[in-house]
Structure formats: C-alpha cells, structure tokens
Amino acid sequence: MLPALTGASDPTVVVLLFVLLLVLIRVGGEGVVVPLVVVLGDSETCLRSALTEVNGGCLVSAPAELSGLFCRGAVQQQQQQRKRALVAASAVAAAAAAECVRAAKKRRQQQLPSLDALPDECLFEILRRVPGGRGRGASACVSRRWLALLSSIRASELAQAVAAAAASTRALPDLNEEFVMEEEDKDGETPADPCVERVLEGKGATDVRLAAMGVVAGSRGGLEKLAVRGSHPTRGVTDQGLSAVARGSPNLSSLALWDVPLITDAGLAEVAAGCPSLERLDISRCPLITDKGLIAVAQGCPNLVSLTIEACSGVANEGLRAIGSFCKKLQAVNIKNCVHVGDQGISSLVCSATASLAKIRLQGLTITDASLAVIGYYGKAVTDLTLARLATVGERGFWVMANAAGLQNLRCMSVTSCPGVTDLALSSIAKFCPSLKQLYLRKCGHVSDAGLTAFTESAKVFENLQLEECNRVTLVGILSFLRNCSQKFRALSLVKCMGIKDICSAPAQLPLCRSLRFLTIKDCPGFTDASLAVVGMICPQLEQVDLSGLGEVTDNGLLPLIQSSEAGLIKVDLSGCKNITDVAVSSLVKAHGKSLKKVSLEGCSKITDASLFIIAENCSELAELDLSNCMVSDYGVAILSSASHLKLRVLSLSGCSKVTQKSVPFLGNLGKSLEGLNLQFCNMIGNHNIASLEKKLWWCDILA
C-alpha cells in the first residue's frame, strides 16, 4: 500500500514515487497512471522542488512537459494520446508475435528428423532390413524414391539382411513375433504362391507398375511368369522396370516382351544376371535388343528350353550361335521375320542343340537350302517342324532335308508359302520321315494329285492331312489318296481349294475309308451335291463334319451323307449353306439326335421353327446350337425352352429378326446349364428386356 500524501509530504518520497511512476509506465502501460495521480493529489509544487533538489544529484531529469501532467485537462489529453499509441503498438506487437510464432514453427519443422534427408545409400540399408512383405509393400507406397530403392534390392540381399536381423535378435525374443506371423498367415503372405503370374498390357505397362509388381511379388518368392504386351506411349516400360523385376524374382521361369520398343540389351542382361532359372523367353518387336542381349541370356540362363524371337531387327547370327552353345536343354525355337538371321545362325543353333531340340519354326527368313540340309541331318530329336514364307529355299532344299534321313522322329510338319515344296519333295518327305502323322500344306501351288498319290504310298502311319489354297489338287487326287491311305488315317481338311470340283463321272471303283472320322470341306465353291454324295459313300464312320461355306450344297447332297453315316455324327457345321432346309435338318436330327453335341446353322436362311421342334424332340445330348440369321421366331424359342431333357450350354440367336421381346420369358426358362447366350442384332428385344434377362440368368454370359 502506498502511504497517503498531503500537501506537506516529504519531497524525497514524492521523487521516489515519480520515478516509480515512470518505470511502471514504461513497463506496465497506461493503466498505472490514474491511480498514481490520484495518490499524488495536488503536490505539484512539492514535486517540482523535489526534482530541483535532487536534479543536482542526477537522480532523474524532469522533462519539459512534465509540468502539465498533473492538470486534469492535460491528463485526459495525455491519456487519449497514449491510448492511440498503445492501440497502434498492440497491432504491431500482434503482427510481430504472429510472425515470431510462424518462424518458431518453421524452425521446429526444419529441426524435425526426416528420412528424406538421408542419402540413397543409407536409406537403401534401412529399407532392405524392413521385415515382412507387408512392411516392404507399405514402404513402396510412400514415394517413388522409396519404390525405386526397394525395387533395386535383390532377393539375395534381402534374404541376407533378414537372416542377419534374426541372428542379432535371437537372444532377445520379440513379444510381438507370434502375432505378426499369425497376421501374415491370414493374409497369405508368408506361404509362397505356387505360381505368381502377371500380365501388363497397353497403357497399363509402365515402369512404376512393373516395379511395384516386383516388390509386392518379391515378398511371396517373386514372379514366376511375366508378360508385357505393349507399352505406355509416354511412360513405357524401360530397362529400369525390367531390372526391378529381375532383382526381386530370381525364380522367374517365363518372360514375354511383346512390342516393348524401349527395352534394350541392358534390361535383358539384368534378367540374365538375376533370373538363372529362366526357361521360356519370348521377344517380339523389340528393335533395341541385339545379339549382345541374347549372348547375356545364353550365358546366364543355361536352363532355357524355349526361345521365340519375332521381328527383332537387331538380332542376327551371333546371338543364336550363343544360345545353341550354352543352352543345352533347348527344346523349342521360333524365329520369325528377323531380317538379319541367316544360314549361319540357324545352322549353328541346330547343330549345337541336336540332342534336345524338338520343335523348330522358321518364318520369313532369308535362309537357303543349306539350313534345311542341316535340319535334315542334325534334327534327330525334331518332332514338330514349321516352315513358312521361305522364298529363297528351293526344291533341292526340301529334297536334301528329307534324304539326309535325320528326321526319323518327325511327327508333324507344316509348310506355308514355300515354292520349294513340289511333288518330288513331298514324295521324299513321306519316304524318309517314317514317323510323320500330320501334314499341313498352305499356299503350296506346286503340289498336285501326283504328289498326294506318291505321298500316301509311303506314309504308313499318317493320320491327318490339311490342304489350304492348294489349287492344283483335285477331287480325283483326293479319292486316290483315300484309296491308298493307311488304316490310321482319321482327319481330312480341304479349305479354299479351287481345284476341288465335281467330276463328270465317278471312278469305277470307289475307295472305302472306314478310318476317317473328321471331314472338313470349307469354302470350296466347286464342291456341290454330286461330290458330297460321293464323300458320303466312301466315309461311313464320320463323327465330325464341317461343310461351312458350301453355298451350292442342297438337301439332295447332304441326305446321302447323313444316311450313310454309321458311327453317329457328333458335330455338324453347316454355316453358310444357304440352300439347306428343314428337311435336311429333320433327317440329321432323327438319325443322329442321340449323339449330336454341336450343330451350327449360321446363315441358313431357310431354317424355320420346324427344325427347332425336331431338335427339341430328339436331341438329348445337344450342348451348342447356333441359329444366327435363321428364320426362327418366338414360337421356336418357346419350343426349345419347353424341352426338359435339352441341356443347352450355348445358344446363338444373333440376327434373328423374328425373335422379339416375347421370347424373353422363354429364354429365362432355359435352365441353369446355359452358359452363353448371343442376342446381338436382335433389334426387337429392347435394352430393358435384356437387363431383366441378365438379372434372371445372372450366371450366363449374354451378348446383346
């Protein structure tokens, strides 16, 4: 408490109080002025004298305006000025305080520890010690930098880090270990998947996705099969993404790279270094891959069994030579449209892998007769041989290949657009390839009836002949072939053979081929009723018949084939036979209804509901029925749905203009055996009806 002062107060006390007033004003502000003025009262005179007395002692110097401080008007004016000054000062102080707070927060944030401040080497050591696949997967989601570092960790380094961590903590058991292991078991992360297969296509094929895939799959033992088909136009797959997979998937056994233009030899070398178990490599349209990449694969992947290279302009002979030298288990090779591959590469590959190479496919190469001679001599293990578009291989090449007598185990041979295939070559192949069972000739314009006759005389175990666009072959040659074929011959296919035409008079002695089970005569415009009747007489044991595209065949030609069949037809394809009517279908169903499983009547515009009535009444095993562009209506669909013994799996009504929304309830009653329903181009069925049908047949795949 301050003492009460009067007009005769002690000057020393007054001076001390004034000094205290100045200090409090400087420290505390305006709020202390009024109480002290009240305390001082009217002691202005005393204060003046006191200040004068002590001024010499340098206690305090009075300002000039101090004399007006104790006047009431002056006091009020001084208070207003001080208030305005204090308001301005408080605003400035508030702004300064806010700035100080922000600066302090910024300093605290800058002082917080962050893993981003660590160099890649330190962060790499931290991340490779992250336990469990879940932890590594979560870490990969933090940033692309962490993903890149995780994808650069090899599986061997990860295993070493985990083993070291387990050894260091063996003395101190982790109380949470049992819980973590149980959690991972529930998620299926601890046990490795038997086969982890992934496919990236189109715009989804990027380095980021490939790296993430490698990190996640690495926790389960890594990928075993990877296929990259296409690439993102701006962020496509490069060597970096392929390297990420190679580091985390040491058990990768199959790799397919289709149309990935940014992959180079460096990426393929990473695969060779990190995936020694690679067995299948498929490279297509990768222009930056050269012999250098193939040499790396040959040296790093000795277990390679299958190699496919297509349209890779950088691949030449040296890469194939290395594959043959180092990959002693190679079983299948497919080289297509590689402009720099020649006789040296093919010959070196075949000579080196002579003990294991079983399948060879060569297409669009500039090889000569020399390569075929090497195949014929060294191909002792070859069972499947495909040759396509070899324009520089002549008749001598095929003749030497056969006469080399090395293709003793050849079972299947396919030749397309090779001018060197002639009657002489065909005869030699049949003579010196005793195990040949299947021959497919496409666009071989030099093969004629004489070649087929000579072939069938030597082929003793032959089973399957397919001819496509071989226009010099006629029906006379086919009949001669059937007369002399082996007892094991089962399948004959004639597609787009313009020489297959009706003959004026049938041979005096028709052959009888009881072994033939599968007959295809497709898109041969000269083949009509007369020829079909002859085929029916000589092939009584047919089970599958494909006559699609024979627009000139009518009921008169089909009925003899149906009636002469003794074994019971199982699959019949009459697509495009626009002159077939309900009469032929009725005869077919009545004779073979108990064995028929598949009937295709697409484009048979003369087929009506009458055929559906016969089918519903007689077919008990029918699973697939194609009525596209036929004249069936709602009544026929109702008949099919009412047949309780009919268990259709696939039904096609595409383009049936008479099928309307009235058929929707009947289609819904076809049963749970229905798996596929085609209602495309049925314009009389609205979208809302399709939606209701999809709800009712929720298990069925409906096309509309």
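Glu468 is found in strand β11, which covers residues 464-468. The model shown here is predicted. Is Glu468 buried or exposed? Its relative accessible area is 15%. The cut-off for buried is under 20%, so Glu468 counts as buried. Which residues does Glu468 touch, leaving aside those up to four places away in sequence? They are Tyr440, Leu441, Arg442, Lys443, Val495 and Cys497.

Now turn to the helices. Two packed helices are described by the angle between their axes and the distance between those axes. Start with helix α19 (residues 449-458) and helix α20 (residues 475-484). Their axes come within 9 Å and cross at roughly 5°. Angles under 35 degrees count as roughly parallel, so α19 is roughly parallel to α20. On the α19 side, the contact is made by Asp449, Leu452, Thr453, Phe455 and Thr456. Helix α20 brings Val476, Gly477, Ile478, Ser480, Phe481 and Asn484. By class, the contact of α19 with α20 has 5 nonpolar, 5 polar and 1 charged residues.

Next, look at helix α22 (residues 555-564) and helix α23 (residues 582-592). Here the axes come within 9 Å and cross at roughly 5°. That angle makes α22 roughly parallel to α23. Helix α22 contributes Asp555, Leu558, Leu559 and Ile562 to the contact. From α23 come Val583, Ala584, Ser587, Leu588, Ala591 and His592. How do the residues of this contact of α22 with α23 divide? There are 7 nonpolar, 2 polar and 1 charged.

How values were computed: Residues numbered from 1 in each chain as written. Predicted model: local features only at pLDDT ≥ 70, side-chain atom pairs only at ≥ 80, totals over all residues. Heavy atoms only, no water. Axes fitted to C-alpha atoms, helices over the stretch in contact; angles between N-to-C directions. Helix = DSSP H or I, 4+ residues; strand = E, 2+ residues; numbered from the N terminus. Parallel < 35°, antiparallel > 145°, perpendicular 65-115°, else oblique. Contact = heavy atoms within 4.5 Å. Nonpolar A, V, L, I, M, F, W, Y, C, P; charged D, E, K, R; others polar. Buried < 20%, exposed > 50% of the residue type's maximum accessible area, 1.4 Å probe, protein only.
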